[in-house]
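Good morning, and thank you for coming. Today I would like to take you through one model, beginning with a ligand and ending with the chains as a whole.

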Amino acid sequence: MAVDGYILRLENVTKRFGGLLALDHVTFSVKHREIMGLIGPNGAGKTTLFNVISGVYKPEEGRVIFKNTDITGWKPHKIARLGIARTHQIVRPFGDLTVLENAMIGALFGKRSDEITEEEARKIAEEVLDYVGLGEKKDLPARVLNVQEKKRLELARALSAEPELLLLDEVLAGLTPTEVENMITLLRRIRAEKNITIIMIEHVMHAVMNLADRIVVLHFGRKIAEGTPEEVANNPEVITAYLGDPALALRFVKKFRSGVA
Amino acid sequence: MLEAFKKPSFYIALILIIVFGIIGGLGQANIGSAQLVANGMDLMMWIGLGLAMAVIMSYAGYVSFGHSVFIGLGSFASAYLIAYKYSDYLIKVKMAHGGVLPAGTTIKFFIMALLLASVFAVVTAALVGYAVLRLRGAFFAIATIGLNYVVLYLVIFYLNNYIHSLEGLELGNPSMGLTNINFYWMHYVIFIITILVAYYVRVSKIGYGLAAIREDEDAAEIAGVDTFKYKLIAFIIAGWLASLWGVAKEFRGSFVATDDFNLLYSVIMILENAIGGIGSFTGPIIGSFVYYPLKWYTQTIAGVFALVILGILIILVVTFTPEGVVGILRRKYPRLRKYLE
Ligand SMILES: Nc1ncnc2c1ncn2[C@@H]1O[C@H](COP(=O)(O)OP(=O)(O)OP(=O)(O)O)[C@@H](O)[C@H]1O
Ligand SMILES: [Mg+2]
């Protein structure tokens with residue numbers, strides 16, 4: 001953990017795709033062990049921001065600082081080994097490999113990749129698969145899983161890496177309401193039991209309002225708000241850009257505060 | 001590292017090593033037929049070449065279409081040593097020993113050829129891999145075909161201008177006075193090296209990394225796999241193993257250094273992996289057991305049409321069984337999976 005209590009700091013991160021400004025001087029910090037929600041309309045630059053953090057894209061401007069190390073422009077595998085794991089918005093299982101092998105790859109090449117043995121990796125992977133509820137499926141090829149299970153597998157592969165920072169890109173999208181509730185329960189457990197910091201991109205509002213300690217709102221690549229769920233939900237600019245109906249937005253806040261969601 | 005060789009999936013490798021050892025033993029004791037020894041040798045080579053290709057194609061998902069270049073480099077290394085550099089010396093030693101080269105000298109030169117072949121192959125694979133492994137899919141395959149021809153013409157140029165060999169293609173055969181059973185054991189040594197290395201790469205941490213690359217290279221990199229390093233390691237090992245088979249071919253054949261750059265070898269290696277199933281160690285082995293008898297019979301029966309049959313086989317395999325024999329077995333009998341690594 002960094003001395004100042006922040007595990008990740010983004011400073012003026014700017015990313016262009018040709019003429020499109022996908023990220024426009026985005027600056028914010030994430031505290032150790034908090035859950036940071038990242039919301040915004042489609043195409044706001046959320047996934048792009050994850051791609052910059054995990055090294056898929058190099059930003060044209062700005063810096064990414066993880067635990068006092070400037071990791072801007074590092075290769076993805078080096079960033080992964082430093083302790084940042086992520087899931088993909090569009091699931092990317094290693095289809096031909098078994099569910100267990102998928103999770104083992106997370107462990108073998110994650111935070112402890114230099115020292116971990118195959119046996120240890122297998123043990124961690126099995127534990128994590130039980131944890132996310134895929135224990136029974138561990139010997140199946142990942143390709144045969146359904147959407148919900150593939151989302152869980154993404155999570156399992158990321159958790160098996162034993163990361164300090166976990167980036168979740170819409171793990172709730174495409175799930176049925178019951179599945180969403182189950183996943184929220186799982187994320188709560190992870191937050192309670194594991195020494196982990198999470199940034200989650202999410203369109204399912206009640207989930208993110210419910211889980212996040214703080215929220216950053218992106219709009220056309222710009223950060224338009226940052227604060228607690230209440231502050232964000234009451235922010236006029238956020239309501240116009242994203243939440244739409246202010247009454248609805250406030251209902252979200254009330255709902256989760258009264259513990260209904 | 002030793003744990004890898006205690007898994008059930010090693011049984012198949014072990015059985016092969018024992019069976020080919022027995023065939024050699026029978027040949028040595030003059031019990032088996034000469035034909036069995038010759039066929040055994042062929043089969044070992046096809047399995048070995050299939051496995052060499054598997055390391056890059058089947059494990060990592062990169063089809064090295066010009067992989068014959070490494071067989072050619074192994075051939076060239078042996079031809080250069082035996083038929084040119086030490087040719088006079090070998091003839092002298094042979095004369096001094098009543099027309100038969102002493103076993104010690106043969107073994108020494110066999111090892112020297114393996115070492116020189118390894119150096120050629122590893123250096124080439126490292127340099128070229130560094131450049132072309134940034135390409136994906138068909139572009140990588142095409143680049144390796146280019147590599148095959150570039151190296152072939154460099155070799156021909158060298159032979160023409162510096163050795164003045166016959167049409168730049170052939171180096172005189174010093175006729176080492178070796179028999180088929182000697183060649184058999186040479187094949188067997190290379191066979192064991194190939195089996196152990198290819199198996200280990202598959203089941204070790206490298207194998208997991210390569211499998212991830214094959215399935216989704218970008219996701220592998222994000223999961224922490226140093227994809228470029230792993231691909232380079234796989235390409236170097238695949239090239240190195242193929243070069244050893246170039247040495248085997250030259251000792252058994254006639255030290256014609258340029259024949260082995262034939263792209264047909266690449267095609268066959270690819271076919272073996274396609275028949276057997278992508279992604280596994282057992283795949284190319286099964287593929288060889290399908291391909292070799294077919295080739296043998298078609299060559300005997302169909303003569304020049306053997307190539308036509310080969311072509312038809314490729315089309316059939318790609319169209320009807322893209323998952324290969326191992327893929328089908330694994331799907332139908334999941335419990336076999338632990339034996340079919
Ligand atoms: N590789 C790329 N090349 C060109 N443009 C891109 C690329 N990746 C993203 N973009 C563009 O950048 C913008 C931001 O995309 P991004 O995927 O980050 O949005 P998002 O906030 O994750 O949206 P969603 O909620 O739909 O997932 C979009 O306009 C998108 O089309
Ligand atoms: Mg997105």
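Before the first contact, one term is needed: a polar contact is a pair of N or O atoms within 3.5 Å. Please also keep in mind that this is a predicted model.

How close does an oxygen atom of ligand 1 come to an N or O atom in the side chain of A:Thr48? The distance is 2.5 Å, and because the cut-off for a polar contact is 3.5 Å, this pair counts as one. An oxygen atom of the ligand also lies 2.8 Å from an N or O atom in the side chain of A:Lys46. As for the ligand's surface, ligand 1 exposes 630 Å² when taken alone, and the protein buries 64% of that.

Ligand 1 is surrounded by 14 residues, and A:Gly43, A:Lys46, A:Thr47, A:Thr48 and A:Gln89 are the closest. Which elements of chain A supply at least two residues each to this shell? They are strand S2, residues 20-31, and helix H1, residues 46-53. H1(A) gives the most, with 3 residues. Sorted by class, the shell holds 5 nonpolar, 7 polar and 2 charged residues.

Next, the largest pocket. Its space comes to about 970 Å³. Its lining has 38 residues, and those closest to the centre come from both chains: A:Thr98 and A:Glu101, together with B:Arg330, B:Arg337 and B:Lys338. The largest share, 4 residues, is that of H14(B). What is the make-up of this lining by class? It has 18 charged, 14 nonpolar and 6 polar residues.

Strand S6 (84-86) and helix H5 (147-160) of chain A each supply at least two lining residues, as does helix H9 (217-222) of chain B. S6(A) gives the most, with 3 residues. By class, the lining of the largest cavity has 8 nonpolar, 2 polar and 2 charged residues.

Finally, let us consider the chains themselves. Chain A has 10 helices and 10 strands. Its radius of gyration is 18 Å, close to the 18 Å that the globule rule gives for 261 residues, so chain A is as compact as a globular protein of that length. Along the principal axes, the C-alpha atoms of chain A fill a box of roughly 55 × 40 × 35 Å.

How many helices and strands are there in chain B? There are 14 helices and 0 strands. For its 341 residues, a compact globule would have a radius of gyration near 20 Å, and the 20 Å of chain B agrees with this. The C-alpha trace of chain B spans about 60 × 45 × 45 Å along its principal axes.

Thank you for your attention.

How values were computed. Residues are numbered from 1 along each chain as its sequence is written. Chains are lettered from A and ligands numbered from 1 in the order in which they are written. This is a predicted model: local features need pLDDT of at least 70, side-chain atom pairs count only at pLDDT 80 or more; totals for chains, interfaces and linings use all residues. Side-chain values use heavy atoms; hydrogens and water are left out. On a 1 Å grid over the protein atoms alone, a cavity is a set of points where a 1.4 Å probe fits but cannot get out, and a pocket is an open set with protein on both sides within 12 Å along at least five of seven lines; lining residues have an atom within 4 Å of a point. Grid points are joined across faces, edges and corners, and a volume is the space filled by probe spheres set on the points. Ala, Val, Leu, Ile, Met, Phe, Trp, Tyr, Cys and Pro count as nonpolar, Asp, Glu, Lys and Arg as charged, and the others, Gly among them, as polar. A residue is near a molecule or strand if one of its heavy atoms lies within 4 Å of it. A polar contact is a pair of N or O atoms within 3.5 Å; within protein, one must be able to donate a hydrogen and the other to accept it, and residues adjacent in sequence count only if both atoms are side-chain atoms. Accessible areas come from the Shrake-Rupley method with a 1.4 Å probe; for residues, only the protein chains shown count as cover. The radius of gyration is taken over C-alpha atoms; the globule rule is 2.2 Å times the number of residues to the power 0.38.
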